[in-house]
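Subject: Structure handover

Hello,

Here is the structure I said I would pass on. My notes on what was found follow below it.

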Amino acid sequence: MPFKIVSENKPKGDQPQAIKKLIDGLEKRKQSQVLLGVTGSGKTFTIANVIEKYNRPTLIMAPNKTLAAQLYEELKVLFPKNAVEYFVSYYDYYQPEAYVPRSDTFIEKESSINEQIDRFRHSATRSLVEREDVIIVASVSCIYGIGSVDSYSKMTLEIKKGQNINLMEFLRELVELQYKRNNIDFRRGMFRVTGDRVDVFPAHLEDIAWRISFFGDEVEDIKEFDPLTGEFIQSFEEVKIFANSHYITPKPRLENAIKEIKKDLKIRLEEFDKEKKLLEFQRLKERTNFDLEMIQATGTCSGIENYSRYLSGRQPGEPPPTLYEFIPENSLLIIDESHVSVPQINGMYKGDRSRKKTLSDYGFRLPSALDNRPLTFEEWNMMRPPTIFLSATPGPWELNEVENEYVEQIIRPTGLIDPECVIKTTVNQVEDLMGEIKITLNNKNRVLITTLTKKNAEDLTNYLKEHNLKVEYMHSDVETIDRIKLIRSLRIGEIDILIGINLLREGLDIPECGLVAILDADKEGYLRSKTSLVQTIGRAARNIDGKVILYADVLTKSIKAALEETKYRKNKQIEFNKKNNITPQSVKRNIGEIIESIYEKDSYTVGTSEIDKLSPNKFEKHVQKLEKKMLSAAENLDFEKAAMFRDEIRKLKKDQMGVN
């Protein structure tokens, strides 16, 4: 199916010329292009139109999970008939294996896998193998090793109605695909058997399972059903079951891998013996032999990724198999917020290698663990397809790639001009800020404040709370899910002020923001560079009342450059508005459209504006639905989720009483 945008909006402002230039560049087989698009100019919509016209599988890389989730939600809305997938790190918590020689401290690997995100990853790889109309929104985790695409695409189980297959053989093949048998706790990646009926919960599906019924050795029926209610949805003539792990390995290769591991272990142990490293000798021997026993018995082991080179059949030093190998050759790559994403890609390999080399040197891992790694920047650059780098402030590397010839998207379809920028002294900056906050809140707008350190952000938050202001801070110690909730709370008015450091810069879409305050703007450095200042100023560019205050006693080079860039963009927009008789309007976007991301899929929040629209009958039905979810959660002993639904019901009833 070709890519098809479903939207009432049409390209406006600078978007038509940007789309044309980018498509022309792709048709001329340009390897790199840069789209310099200012905040609020509709870069995502431009890229969506490029994807539609170019009509090739597309990978979009974002610098973090939050922006990736935002892009994923937007593109799901724009391309409802195509496969829009989400591929980010599936760890909610990850403490990598490490050793600190100075204190002789070994840190065990600890991780918590997010089942929902793992399902999204399986859905993404399955779509890439089976379809061409695929858009993958990914974080930098896509340059990390996953299983071989050959093994993943070949080790599947196709079942057809009327097919002859022995039931026990079918169950053995499911186990080879890493599915676990569980007749009680039936969930994703598991199967259960009742007589001549096998229920399989595929790895890529969230709330749908398949029931395969046998009559002797013949497949009699294949049905899709809801595992919670048991309700049948539809029948199939055939289904294809993909593996429950990206590290799936065929038996012959697994046996060969075990031989190679034993061979390398012997060589490494001889080296330790020769160097009289007896502790390292014993440590490596016990750990590796234990892993080998687990692999022979179950096909996997804890830390199986450290043996990925053997499982994929790669040579030492070769690039690991990554998501890039799943992507067809005729694909398109979009690097969002490239001034952040490109340095991120460049920095991943070295830090990972340093940690694993220490583990190898001290006998915790074989040297082959070094090949379980992200791509180097050079490897990524060699294998990337035609690429569009996307940013309001492109970095030096991507500008050098295009010899400073970039596509400009300055004009905003809404007619909004860049915000007013005011320089104020740092003397009594907090007291002055208090007055500006009151003016902004009186106009029913929100406030973003950037500080230089986490402590500054927390201290200022406490100070403003003492003055009865609704304020919270957001920095790297705040969990990803909580960051999304904070942004949503700001948008719906549960809080009025959000204070942060670096997280308030790129890509955050908050049209309600009327004031951005940059404290200590004259402290030249990474957080107060031209790029940072331009990005931060852009947070106020979605509101017609947008205003930016830079608290500074010295006009640094970065401040001057940022103000000049803002002035240039502002004048260009004013000229366009006059020429086309456009009246600037604030960006309007439904709150649930972007911020209620995939992280909050298992909960439901009703804003006050939605409550107003609910009739008494609909309100009662909605409450009954929540009560059913609450009781179901309680029956499953998930009391935390049950309490969440209970609190939601109480809040709804309280708000409804206020409305009536």
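**Charges and rings**

The charged end of Arg384 sits over the ring of Trp380, 5.7 Å from its centre. For a charge to sit over a ring, NZ of Lys or CZ of Arg must be within 6 Å of the ring centre and within 35 degrees of the ring normal. Arg309 has its charged end over the ring of Tyr310, 5.1 Å from the centre of that ring.

Before going further, note that this is a predicted model: local features need pLDDT of at least 70, side-chain atom pairs count only at pLDDT 80 or more, and totals for chains, interfaces and linings use all residues. Residues are numbered from 1 along each chain as its sequence is written, and side-chain values use heavy atoms, with hydrogens and water left out.

**Aromatic pairs**

The structure holds 17 aromatic pairs. Rings of Phe, Tyr and Trp (its six-membered ring) pair if their centres lie within 6.5 Å; planes under 30 degrees apart count as stacked, over 60 as edge-to-face and the rest as tilted. One of the pairs is Phe170 with Phe214: the ring centres are 5.6 Å apart and the planes are at 50 degrees, so this pair is tilted. Phe170 belongs to helix α6 (residues 167-176) and Phe214 to strand β13 (residues 209-215), so the pair ties together parts that are 44 residues apart in sequence. Helices (H or I, at least four residues) and strands (E, at least two) are DSSP runs, numbered from the N terminus. Phe170 is buried, with a relative accessible area of 0%, and Phe214 is buried at 1%. Buried means under 20% relative accessible area, exposed over 50%, and partly exposed in between (1.4 Å probe, protein chains only).

The rings of Phe377 and Trp380 have their centres 5.3 Å apart and their planes at 40 degrees, so that pair is tilted. Both residues lie in helix α11 (residues 377-383), 3 residues apart, about one turn of the helix. Both Phe377 and Trp380 are buried. Elsewhere, Tyr99, Phe106, Tyr362 and Phe364 form one aromatic cluster.

**Helix α8**

Helix α8 (residues 278-298) has 21 residues, which at 1.5 Å a residue should span 30 Å; its end C-alpha atoms are 30 Å apart, which agrees. The expected span is 1.5 Å times one less than the number of residues. Which residues of α8 are buried? They are Glu280, Arg283, Leu284, Thr288, Asp291, Leu292 and Ile295. These cover an arc of only 150 degrees around the axis, which puts them on the same side of α8. The arc is that of the directions from the helix axis to the C-beta atoms. On the other side of α8, Leu278, Leu279, Glu286, Phe290, Glu293 and Ala297 are exposed. What covers the buried residues of α8 includes α7 (251-274) and α10 (338-361). Gly299 follows α8 and has a positive phi, near 85 degrees.

**Two single residues**

Ser360 is found in helix α10 and counts as buried at 4% relative accessibility. Leaving aside neighbours within four places in sequence, Ser360 is in contact (heavy atoms within 4.5 Å) with Arg268, Phe272, Arg365, Leu366 and Pro367.

Cys513 is found in strand β24 (residues 513-518) and counts as buried at 1% relative accessibility. With neighbours within four places in sequence left aside, Cys513 is in contact with Arg446, Leu448, Arg539, Ala540 and Asn543. The C-alpha atoms of Cys513 and Asn543 are separated by 6.5 Å, and the two residues are 30 residues apart along the chain.

Regards
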